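Open the model in a viewer and keep the sequence panel beside it. The stops below say what to select and what is found there.

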Amino acid sequence: MTEPPAPPAALPDASSPDASSPDASSPGAPPPAPAVAAARAPRSVALRATLAGAAVSVLLILAIVFGSRLLKDFDSALLPYAVATVFLAFGVAYRYTVWISSPGARRLFKQGWRSLFSVANFRKAPTALPKMIATYLGFQKFLGARSHARWAAHQLIFWGCILAAAITFPLTWGWFTFTSGSGSGPGYEMRIWGFKILGFDALSLVGWLMFHGLDIAAVLVIPGASYFLWRRMKDRGAITGQRFGYDLVPLIALIVISVTGLLLTFSSIFLHGGGYEFLAILHMVSVVFTLIYIPFGKFFHIVQRPAAVGMQLFKYTTRQDEQVFACKRCGEPIDTAPYVENLRGTMRDLKLDFDAWAQYCPRCKRVLRGTAYLSHVKKGFK
């Protein structure tokens with residue numbers, strides 16, 4: 001076995017005195033420039049995030065006003081839901097801006113968009129993007145490698161939430177309306193922004209699906225969320241690292257929303273409206289809470305996930321060019337050369353000063369660390 005190369009040089013001890021620098025502990029000494037920049041950075045990021053959130057909220061309010069034809073189609077009974085979506089828009093824009101302000105996320109974000117709009121990438125792999133959207137975002141095949149049961153439960157939640165959002169948001173904003181010329185049906189017209197899209201009979205299968213779309217979404221979400229809730233109470237690995245507010249509250253909220261929504265339908269059909277007002281308030285509170293919670297809890301990964309598609313596209317297209325980076329020690333392939341360089345750039349942005357380690361495979365990193373430990377820490381011991 002050949003002698004491993006010397007590991008990258010260790011960082012100088014930050015606690016050791018430096019004769020060339022002024023004594024920072026002396027009274028009246030001004031803080032060093034990096035400290036001032038570090039103190040200003042969070043404030044500038046918070047300001048940008050607040051402005052982005054305010055801008056997106058204003059744009060959504062304008063979209064609601066004009067999309068509902070100056071509130072002509074806006075249902076005042078749905079006002080709490082609409083207000084919650086405005087808070088949702090502010091929170092998503094705020095946290096997304098903070099997220100992409102970090103060096104790693106910013107580099108991933110830029111590289112992803114660059115790959116997404118690259119003409120060369122589309123020429124090399126024209127079907128790569130739709131395939132990744134379908135497999136990575138739609139059917140989430142990466143979850144199937146972990147567990148088929150988890151994949152199935154996640155699919156139920158995903159498609160149930162997609163269906164619920166596609167129905168709820170346009171209705172809440174007044175973009176989506178159902179009107180009847182006779183007042184009580186059975187003939188209805190579905191209109192978007194005032195334009196007729198479809199006419200249907202409320203007593204037909206199409207009519208039943210139209211008016212029970214949210215019930216179908218609830219039926220999909222309940223078993224998926226219940227499985228994950230059961231797993232988090234039984235699986236020892238999940239129990240170890242879970243947090244109530246981060247891991248359990250989202251699942252409980254989804255179940256409460258779905259159950260109360262189904263109970264509203266049950267009340268109107270079988271109980272002649274008995275308890276409907278209480279259930280409607282409970283359902284509204286749970287939905288509003290969940291919408292406001294999304295940007296600041298586990299549900300935020302829904303917003304983050306599409307950004308990862310660009311990075312997956314970046315890795316896929318670079319593999320087509322066979323730009324594979326080999327480990328500097330053993331020669332085993334690590335990843336694509338542009339991806340490794342992107343990782344090194346991120347580490348340099350974070351001022352970690354050991355980006356050279358990205359050029360070694362995981363096994364060689366362990367060997368080099370062990371060699372360094374034996375050479376420096378355990379030197380002289382047998």
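**Whole chain**

Start by colouring the protein chain by pLDDT: the average is 81, and 85% of the residues score at least 70. Residues 1-32 have a pLDDT below 50, and this stretch makes 16 contacts in the model beyond near neighbours in sequence. Where pLDDT is low, the predicted coordinates should not be read in detail. The whole model is a prediction.

The chain has 382 residues, of which 33% count as buried. Among contacts with a separation of 6 or more, 59% join residues 24 or more positions apart. With a surface drawn, the accessible area of the protein chain is about 23500 Å², and carbon and sulfur atoms account for 68% of that area.

**Two positive phi angles**

Select Leu 70, in the loop between helix H1 (33-67) and helix H2 (79-101). Leu 70 is not a glycine, yet its phi is positive, near 60°. Its relative accessible area is 62%, so Leu 70 is exposed.

Next select Trp 193, in the loop that joins strand S2 (187-192) to strand S3 (195-201). Trp 193 also has a positive phi without being a glycine, here about 55°. Relative accessibility is 45% for Trp 193, so this residue counts as partly exposed.

Is Phe 270 buried or exposed? Its relative accessibility is 55%, so Phe 270 counts as exposed.

Still in helix H11, select Thr 265. Thr 265 counts as buried because its relative accessibility is 19%, under the 20% limit for that class. Which residues does Thr 265 contact, leaving aside neighbours within four places in sequence? They are His 212 and Asp 215.

**Helix H12**

Go on to helix H12, residues 276-293, where Phe 278 is found. Phe 278 is exposed, at 59% relative accessible area. Draw a distance from Phe 278 to Thr 260: the C-alpha atoms are 10.0 Å apart, and the two residues are separated by 18 positions in sequence.

In helix H12, select His 283 as well. With a relative accessibility of 15%, His 283 counts as buried. Residues up to four places away in sequence aside, His 283 touches Tyr 81, Ile 257, Thr 260, Gly 261 and Leu 264.

**Cysteines**

How many disulfides does the structure hold? The number is zero. The closest cysteine sulfur to that of Cys 330 belongs to Cys 361, at 3.6 Å, which is too far for a bond because a disulfide needs sulfur atoms within 2.5 Å. Cys 364 is in no disulfide either, and the nearest cysteine sulfur, again in Cys 361, is 3.5 Å away. As for accessibility, Cys 330 is partly exposed at 37%, whereas Cys 364 is buried at 0%.

Technical notes. Residues numbered from 1 in each chain as written. Predicted model: local features only at pLDDT ≥ 70, side-chain atom pairs only at ≥ 80, totals over all residues. Heavy atoms only, no water. Helix = DSSP H or I, 4+ residues; strand = E, 2+ residues; numbered from the N terminus. Buried < 20%, exposed > 50% of the residue type's maximum accessible area, 1.4 Å probe, protein only. pLDDT = per-residue confidence, 0-100. Contact = heavy atoms within 4.5 Å. Areas by Shrake-Rupley, 256 points an atom, 1.4 Å probe, with all protein chains shown as cover.
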